[in-house]
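The structure is shown first.

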Amino acid sequence: MESSRSLEHVLSMQGGEDDASYVKNCYGPAAALALSKPMLTSAINSIKLTEGYSSHLKIADLGCAIGDNTFSTVDTVVEVLRQKLAVIDGGTEPETEFEVFFSDLPSNDFNTLFRSLDEKVNGSCRKYFAAGVPGSFYKRLFPKGALHVVVTMTALQWLSQIPEKVMEKGSKSWNKGRVWIEGAEKEVVEAYAEQSDKDLVEFLKCRKEEIVVGGVLFMLMGGRPSGSENQIGDPDSSLKHPFTTLMDQAWQDLVDEGLIEEEKRDSFNIPVYFRTTEEIAAAIDRCGGFKIEKMENLKVADHMNGKQEELMKDPDLYGRDRANYAQAGLKPTVQAYLGPDLTRKLFKRYAIRAAADKEILNKNCFYHMIAVSAIRV
């Protein structure tokens, strides 16, 4: 798997609206957004708007993906700003116009995104003007001082590239036998941590240029507990996470069946790193230009927790559901690497493994998400 910038041309959530699409499988992000909404509302209320404020406020959603989660976040931001402006204007309806930029990598399914937006408006009074901005949020996307509010929700755990060290066959950081870093050698994890730190600082430097002084940056990203050496907090969650046990087993099945060589498997790595609050705070401090208003580690329950007895009645359906959940975030990247036929076989084996493993099915799984609100200073 290439570690260069070419990753940004294939990395995306699964588009469309079929059973394996992100639209149909974004339960985890939806739960995280619900938990972080009070903090997002407080962050937007902290923006410095006085009489004489701009009559045109600009909002950007970076790593927007597709689906209802995207629109619910933006709706919250716009509504809170409207209420804040109404207070400033003495209770009258504000005349301020809002422009929202939906930004993601060029590989994102913008067609589905804007078709959904059009259906959502459906002739009603439009709350904001919308535009799409394709590009990596690890680069500049807007002119200096162009934005008042920037949100990025459940996207910053995705790295800009696979660390070069991890791609060096035979080195200590060669990630042999697995496709992600949970349980990997410390050299592999350290290489990911270095890339993660570099990426986050680069992200912050770009936003420092683009956000007006007094503006708001709100980030919600996959994280892990402070002091945890593992990417996933507890053993049960680590076992059941879609990137770990079942994923490694499915890839091993392809190897054992002679469909791919071991080196083909070992050369594929999922470009995700879960940070701690300390790692995030250090990057913000090193970048400068932002003051952290609040940072919180949120524990999000898997949507299938507590449903084990019901799921046991139809293990095959459960297996397909788990495979669809994994495909929603990984299928485009895997398919660019393996091709359509082997990708179908991989996730079919994933589903079979999930259906057959009663131990994993009976475990509860939790995800950690870190919410950060910061003011541009």
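Q: Why are H1 and H2 called roughly parallel to each other?
A: The model is predicted, with local features needing pLDDT of at least 70, side-chain atom pairs counting only at pLDDT 80 or more, and totals for chains, interfaces and linings using all residues. Residues are numbered from 1 along each chain as its sequence is written, and side-chain values use heavy atoms, without hydrogens and water. The axes of H1 (residues 27-45) and H2 (residues 68-88) cross at roughly 20° and come within 10 Å. Angles under 35 degrees count as roughly parallel, and H1 and H2 are therefore roughly parallel.

Q: What makes up the contact of H1 with H2, by class?
A: Contact means heavy atoms within 4.5 Å. Residues of H1 including Leu 33, Leu 40 and Ile 44 meet residues of H2, among them Val 77, Val 80 and Leu 81. The contact has eight nonpolar, six polar and two charged residues; Ala, Val, Leu, Ile, Met, Phe, Trp, Tyr, Cys and Pro count as nonpolar, Asp, Glu, Lys and Arg as charged, and the others, Gly among them, as polar.

Q: Which helix gives the most to the lining of the second largest pocket?
A: Lining residues have an atom within 4 Å of a point on a 1 Å grid, and a pocket is an open set of such points, where a 1.4 Å probe fits, with protein on both sides within 12 Å along at least five of seven lines. H10 gives the most, with five residues. The pocket has a volume of about 270 Å³, and among the residues closest to its centre are Tyr 27 and His 303.

Notes:
Axes are lines fitted to C-alpha atoms, for helices over the stretch in contact, and angles run from 0 to 180 degrees between N-to-C directions. Helices (H or I, at least four residues) and strands (E, at least two) are DSSP runs, numbered from the N terminus. Angles under 35 degrees count as roughly parallel, over 145 as roughly antiparallel, 65 to 115 as roughly perpendicular and the rest as oblique. Grid points are joined across faces, edges and corners, and a volume is the space filled by probe spheres set on the points.
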